[in-house]
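Please keep the sequence and the model at hand while reading.

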Amino acid sequence: FFNTYTSGADLLVYVWSTWFFDHNVANGLTAVLWNHEQYWPMGFNMLFHNYAIAHAILAHTLKPLLGFTASFNIAQLFSIVMGAYGTFLFARTLSCTMGPSLLLGFLVSFNPYVMSLSDMGFNGYWPLIFFIRHFYIATKNTDPKNFFLAALFLVLCWLYSAYYLIFGCLF
């Protein structure tokens, strides 16, 4: 099941994005943010398309071991688990004890709404949680490392979705 099934509905755009990234890399095309396949002969820029590059990179690296579908699903599961872990770390940063932090991480990433996003959307929100955590730490402690990590996770937000980058910039 894990190796043969991907969710339908809106998630198919991410299946296509993962295939598109893999197709460009396999054919030696270096412009993974430019789509030559659609709107031919001009093509179009995928900079602000919901093109989850970080997800596609992870799936691409796992593809030789697991195949396309399983690598896509593992990358999806990775996003959900990282969302839980980021929430757990952020709760610990806010001085929560271990039990409530674990519960909060579980509730944020494994609640019915997020699980329904597996069918209808995408769970690549975890870099946004890490960005908010490191931005919060940077406001309390002016160590340049925290500002750098916040900026790094903001870039990673964009590599999952331009919408998450916008949310992070508005934060």
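## Helices α2 and α3

Which residues in α2 meet which residues in α3? In this predicted model, the α2 side is made up of His55, Leu58, Ala59, Leu62, Lys63 and Leu66, and these meet Phe68, Ala70, Ser71, Phe72, Ile74, Ala75, Gln76, Phe78 and Ser79 in α3. Sorted by class, the contact of α2 with α3 has ten nonpolar, four polar and one charged residues.

As for the geometry, helix α2, which covers residues 53-66, packs against α3 at an angle of about 135 degrees, and the two axes are 7 Å apart. That angle makes α2 oblique to α3, and the crossing of the two helices is right-handed.

## The chain as a whole

The protein chain contains eight helices and two strands, and read from the N terminus its elements follow the order α-β-β-α-α-α-α-α-α-α. The chain has 171 residues, of which 42% count as buried. Among the contacts in the chain with a separation of 6 or more, 63% are accounted for by residues 24 or more positions apart.

## Helices α3 and α6

Helix α3 (residues 68-93) also packs with helix α6 (residues 126-140), the axes coming within 8 Å and crossing at roughly 20 degrees. Because angles under 35 degrees count as roughly parallel, α3 is described as roughly parallel to α6, and α3 passes α6 in a left-handed crossing.

On the α3 side the contact is made by Phe78, Ser79, Met82, Gly83, Tyr85, Gly86, Thr87, Leu89, Phe90 and Thr93, while α6 contributes Trp126, Ile129, Phe130, Ile132, Arg133, Tyr136 and Ile137. By class, the residues of the contact of α3 with α6 divide into eleven nonpolar, five polar and one charged. Phe78 and Ser79 of α3 take part in this contact, and both residues are also listed in the contact with α2.

A pair of aromatic rings is described by the distance of the centres and the angle of the planes. With centres within 6.5 Å as the criterion, the count comes to ten aromatic pairs. In one of them, the rings of Trp126 and Phe130 have centres 5.6 Å apart and planes at 90 degrees, so this pair is edge-to-face. Trp126 and Phe130 are four residues apart in helix α6 and are therefore separated by about one helical turn, and both of these residues are buried.

What are the distance of the centres and the angle of the planes for the rings of Trp126 and Tyr160? The centres are 5.8 Å apart and the planes stand at 75 degrees, so the pair of Trp126 and Tyr160 is likewise edge-to-face. Since Trp126 lies in helix α6 and Tyr160 in helix α7 (residues 144-160), this pair ties together parts that are 34 residues apart in sequence. Both Trp126 and Tyr160 are buried. Trp126, Phe130 and Tyr160 belong to one aromatic cluster, which also includes Phe78, Tyr85, Phe88 and Phe153.

## Ala151 in helix α7

Helix α7 also holds Ala151, which is partly exposed, with a relative accessible area of 40%. The C-alpha atoms of Ala151 and Gly168 are separated by 9.9 Å, and these two residues are 17 residues apart along the chain.

Key:
Residues numbered from 1 in each chain as written. Predicted model: local features only at pLDDT ≥ 70, side-chain atom pairs only at ≥ 80, totals over all residues. Heavy atoms only, no water. Axes fitted to C-alpha atoms, helices over the stretch in contact; angles between N-to-C directions. Parallel < 35°, antiparallel > 145°, perpendicular 65-115°, else oblique. Left-handed = near helix turned anticlockwise from the far one by under 90°. Contact = heavy atoms within 4.5 Å. Nonpolar A, V, L, I, M, F, W, Y, C, P; charged D, E, K, R; others polar. Phe/Tyr/Trp six-rings, centres within 6.5 Å; stacked < 30°, edge-to-face > 60°. Buried < 20%, exposed > 50% of the residue type's maximum accessible area, 1.4 Å probe, protein only.
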